[in-house]
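Dear colleague,

Please find the structure below, together with its sequence.

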Amino acid sequence: MLQNETDSIAHAGALLRAGKLVSFPTETVYGLGANALSDAAVAAIYAAKGRPTFNPLIVHVASVEEAKKYVVWNDRAELLAQTFWPGPLTFVLPRQRGCTLSLLVSAGMDTVAIRMPAHPLALALLKETQLPLAAPSANISGRISPTLASHVVEEFGGNIMVLDGGPCAVGIESTIIDLTTDNAIILRHGTVISEALQKIIPLSQQSRGDAILAPGMMKSHYAPNAKVRLNATDVREGEALLAFGTPLAGAGQMLNLSPSANLEEAAANLFKMLRELDAANPKTIAVMPISMKGLGVAINDRLSRAAADKV
Ligand code: TXA
Ligand code: MG
């Protein structure tokens with residue numbers, strides 16, 4: 001790691017311009033970034049993650065103006081961007097005619113997922129490179145998303161430069177909203193909750209059900225090596241406990257998402273604590289129930305994928 005932040009950003013920018021991958025922090029999770037204009041650079045993301053190529057990537061931009069160069073903007077995007085950008089909200093919009101983004105970011109579809117991140121290092125890097133950056137979460141496909149620079153090193157073994165921005169404040173990935181039709185639909189829940197979106201634009205009440213609208217929303221994701229048992233009201237032999245609020249008694253190993261049962265704190269701790277408990281190799285991680293209100297929807301979404309059978 002280089003000595004100071006300005007040097008690091010300049011170095012990261014040079015690598016990205018040369019078509020290399022760089023991991024950078026966002027307010028949600030660490031991203032694995034590449035020049036979104038370059039097929040070869042974007043292909044390198046898929047290769048490094050072992051990501052199925054039918055699963056498209058989010059493109060990060062420095063401003064609304066820049067987003068408009070690549071996607072067909074609309075009034076709802078404008079209203080939402082005024083309130084939530086920069087921040088953890090991703091829009092799915094049609095590709096502009098003649099859009100110069102690599103087709104690989106869209107994985108064969110005619111849409112692009114795009115967002116302007118809020119993390120100062122992410123914004124500094126976008127400014128430095130003057131490039132749109134494709135960046136999925138910086139983990140091997142299917143594994144737990146990284147919320148610390150050290151998690152990224154665990155995933156990729158030090159082969160990839162990581163800009164260290166400390167712990168990610170939000171801790172779970174951005175909310176994704178599909179704005180390509182008149183019916184705005186949440187494709188992935190995050191900290192920008194549906195109640196907050198609904199104050200600004202009408203949202204389709206259609207539930208996602210089992211259809212994979214965001215192709216990456218596979219059932220099994222964020223998977224630790226251990227089994228995950230949800231809504232635990234007791235602790236069984238050999239289980240580690242991921243607590244929420246007042247912990248259940250009897251666990252050998254226990255971490256608490258939020259002793260005061262605060263959902264924001266729980267989201268910020270979720271992936272880090274799953275990784276930490278998993279590192280001790282328990283057979284099962286038992287997770288205490290978390291309310292389905294507000295941000296609880298996004299937390300339970302990630303937990304149910306962590307608990308799903310791996311195919
Ligand atoms: O918070 C985040 O969004 C983080 C940080 C790094 O920005 N990124 C992230 O990327 O979570 P990733 O690749 O792990 O998840 C992107 C999700 C996938 O589920 C993918 O299928 C969906 O976005 N997606 C990407 N492009 C799409 C598109 N054109 N239409 C529908 N879904 C799309
Ligand atoms: Mg991911």
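Helices (H or I, at least four residues) and strands (E, at least two) are DSSP runs, numbered from the N terminus. On that basis, glutamine 130 lies in the loop between α5 (120–129) and β6 (133–134). This is a predicted model, in which local features need pLDDT of at least 70, side-chain atom pairs count only at pLDDT 80 or more, and totals for chains, interfaces and linings use all residues. Residues are numbered from 1 along each chain as its sequence is written, chains are lettered from A and ligands numbered from 1 in the order in which they are written, and side-chain values use heavy atoms, with hydrogens and water left out.

Overall form

The protein chain contains 9 helices and 13 strands. Its C-alpha atoms fill a box of roughly 60 × 45 × 35 Å along the principal axes. The radius of gyration, taken over C-alpha atoms, is compared here with a globule rule of 2.2 Å times the number of residues to the power 0.38. For 311 residues a compact globule would have a value near 19 Å, and the protein chain agrees with 19 Å.

Of the 311 residues, 55% are buried; buried means under 20% relative accessible area, exposed over 50%, and partly exposed in between (1.4 Å probe, protein chains only). Contact means heavy atoms within 4.5 Å. Among contacts between residues at least 6 apart in sequence, 66% join residues at least 24 apart.

Strand β8 and its partners

Two strands pair if DSSP finds at least two bridges between them. β8 (residues 175–178) pairs with β4 in the parallel sense over 4 bridges, and threonine 175 in β8 is the bridge partner of leucine 89. β8 also pairs with β9 (residues 185–188), in the antiparallel sense over 3 bridges. In that pairing, isoleucine 176 stands opposite arginine 188 in β9. A hairpin is formed by β8 and β9, with 6 residues between them.

In a regular strand the side chains alternate between the two faces of the sheet. In β8, Thr175 and Ile177 point one way while Ile176 and Asp178 point the other way, and all are buried.

Serine 102

Serine 102 is located in the loop between β4 (89–94) and β5 (111–115). Serine 102 has a relative accessible area of 2%, so it is classed as buried. Leaving aside residues up to four places away in sequence, serine 102 touches Ala36, Leu37, Ser38, Asp39, Val42 and Arg95.

Backbone points to note

Most residues other than glycine have a negative phi, and most peptide bonds are trans. The following places depart from that pattern:

- The peptide bond from tryptophan 85 to proline 86 is cis, with omega near -5°; proline 86 belongs to the loop between α4 (75–84) and β4.
- Glutamine 130 is not a glycine, yet has a positive phi of about 55°. Glutamine 130 is exposed, its relative accessible area being 65%.
- Alanine 261 has a positive phi near 55° and sits in the loop between β12 (254–256) and α8 (263–279). Alanine 261 counts as partly exposed, because its relative accessibility is 39%.

Yours sincerely
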